[in-house]
Each structure stands twice: as C-alpha cells, then as structure tokens.
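Reader: I would like to learn how to read a protein model. Please take me through one feature at a time.

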Amino acid sequence: MSNPVKFSMSGPDGWKDAADIALETAELTKGQPMGLDHAYFKNEKSGIRAGIWRSTAYSEFYEDYPCTEFMYVLEGSVTLENDEFSETYKKGDAFLVPKGFRGHWKQTEPMLKYYVMID
C-alpha cells in the first residue's frame, strides 16, 4: 500500500543548499542550465514521476517534448513558444506541456517548480 507524499518548497533535507549540477537539455540555444531535480515519487509501471526542480536561466528547443508534464511555478518564470503560441508562466501559475510539443523553452531567470511527468 502506498501513502500520500508531501512536497516541500525547499525540497528534501539539504536539497535547497546542495550544489547545482549541469542539467540535461533538449537542443540548448542559450546558457547552460545548472540546478537540481528531486523526484518525490516514481512509478516505473505507470510511467509517472513527480518532484521538485530548480535551474538557472537558459533556453532550449524541443523538436518533440518527450512526455506530458504538468508544472506549478514556485519561483521565477518561463516562456513557451512556437509559430502558433507564446505564453509566459510565472510564480503561482500551473500549466501542462503535452507530449510532442514542438517549441522553445525560454527561461530568463532562475526557476523553481513542482512537476508531474507521465511518459
């Protein structure tokens, strides 16, 4: 049996003060993202992963977003855009990027978010 999982805005013990590392990107277009990711929950069978993520400013291009991802911005902001769409999400905003999204992730400031990914 599984129990509910509590998310903390400061991550697990020591996470907020832990050193940043280089983060993976799609096609990097500006900057080098440095940050940390912590999955509070993973279920390989269902392909669900949920956690907290932080990163410095950077931009990348997705030809084909690899999963469906729900995000809630805790700090900072990001603009997602392509030829048909442009929207900026900031602190307190929640949004979903569908699997297969083609476009730019433009993050001009540090960002902290909760996420839920579904493969």
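Reader: In what order do the elements of the protein run from the N terminus on?

Author: This is a predicted model. From the N terminus on, its elements run β-β-β-β-β-β-β-β-β-β-β. The count is 11 strands and zero helices.

Reader: How compact is the protein for its length?

Author: The protein is as compact as a globular protein of that length, because its radius of gyration is 14 Å, close to the 14 Å that the globule rule gives for 119 residues. Along the principal axes, the C-alpha atoms fill a box of roughly 45 × 30 × 25 Å. Of the 119 residues, 35% are buried.

Reader: How do I read a sheet?

Author: Begin with the general idea. Strands of a sheet pair through backbone hydrogen bonds, either parallel or antiparallel.

Reader: What is the order of the strands in the open sheet of five strands?

Author: The order is β2-β5-β10-β7-β8, and the pairing is antiparallel. At the edges are β2 (27–30) and β8 (85–90), each of which pairs on one side only. Direction ignored, neighbouring strands of this sheet are turned by 20 degrees against each other on average.

Reader: Which bridges should I look for in that sheet?

Author: Go along it pair by pair. β2 and β5 are joined by three bridges in the antiparallel sense, and L28 stands opposite E60 in β5. Between β5 and β10, which run antiparallel, there are five bridges. L80 stands opposite W105 in β10.

Reader: Is β5 mostly covered or mostly open, and how many of its residues are buried?

Author: β5 is mostly covered, with five of its five residues buried. To read a strand in this way, check each face in turn. On one side of β5 are Y58, E60 and Y62, on the other S59 and F61, and all are buried, so that both faces are covered.

Reader: What is the order of the strands in the open sheet of six strands?

Author: That order is β1-β3-β4-β11-β6-β9, with antiparallel pairing. The edge strands are β1 (21–22) and β9 (94–97), and each pairs on one side only.

Reader: Which residues stand opposite each other there?

Author: Next, β3 and β4 run antiparallel and are joined by eight bridges. D37 has W53 as its bridge partner in β4. The bridge partner of E69 in β9 is V97.

Reader: How many residues lie between β3 and β4 in their hairpin?

Author: Four residues lie between them. In the turn, look at G47, which has a positive phi of about 75 degrees.

Reader: How does one find empty space in a model?

Author: Rolling a probe the size of a water molecule over the atoms shows where empty space is left. For each pocket, read the volume, then the lining.

Reader: What volume does the largest pocket have, and which residues lie nearest its centre?

Author: The volume of the largest pocket is about 520 Å³. Its lining has 20 residues, and E24, Y62, Y65, E69 and M117 lie nearest the centre. At least two lining residues come from each of β4 (48–55), β5 (58–62) and β11 (111–118). By kind, the lining of the largest pocket divides into 11 nonpolar, two polar and seven charged residues.

Reader: How much space lies in the second largest pocket?

Author: The second largest pocket holds about 170 Å³ of space. It is lined by 13 residues, of which R54, E75, P110, M111 and L112 are the closest to its centre. The elements that give two or more residues to this lining are β4 and β11. Six residues of the lining of the second largest pocket are nonpolar, three polar and four charged.

Technical notes. Residues are numbered from 1 along each chain as its sequence is written. This is a predicted model: local features need pLDDT of at least 70, side-chain atom pairs count only at pLDDT 80 or more; totals for chains, interfaces and linings use all residues. Side-chain values use heavy atoms; hydrogens and water are left out. On a 1 Å grid over the protein atoms alone, a cavity is a set of points where a 1.4 Å probe fits but cannot get out, and a pocket is an open set with protein on both sides within 12 Å along at least five of seven lines; lining residues have an atom within 4 Å of a point. Grid points are joined across faces, edges and corners, and a volume is the space filled by probe spheres set on the points. Ala, Val, Leu, Ile, Met, Phe, Trp, Tyr, Cys and Pro count as nonpolar, Asp, Glu, Lys and Arg as charged, and the others, Gly among them, as polar. Two strands pair if DSSP finds at least two bridges between them. Axes are lines fitted to C-alpha atoms, for helices over the stretch in contact, and angles run from 0 to 180 degrees between N-to-C directions. The radius of gyration is taken over C-alpha atoms; the globule rule is 2.2 Å times the number of residues to the power 0.38. Buried means under 20% relative accessible area, exposed over 50%, partly exposed in between (1.4 Å probe, protein chains only).
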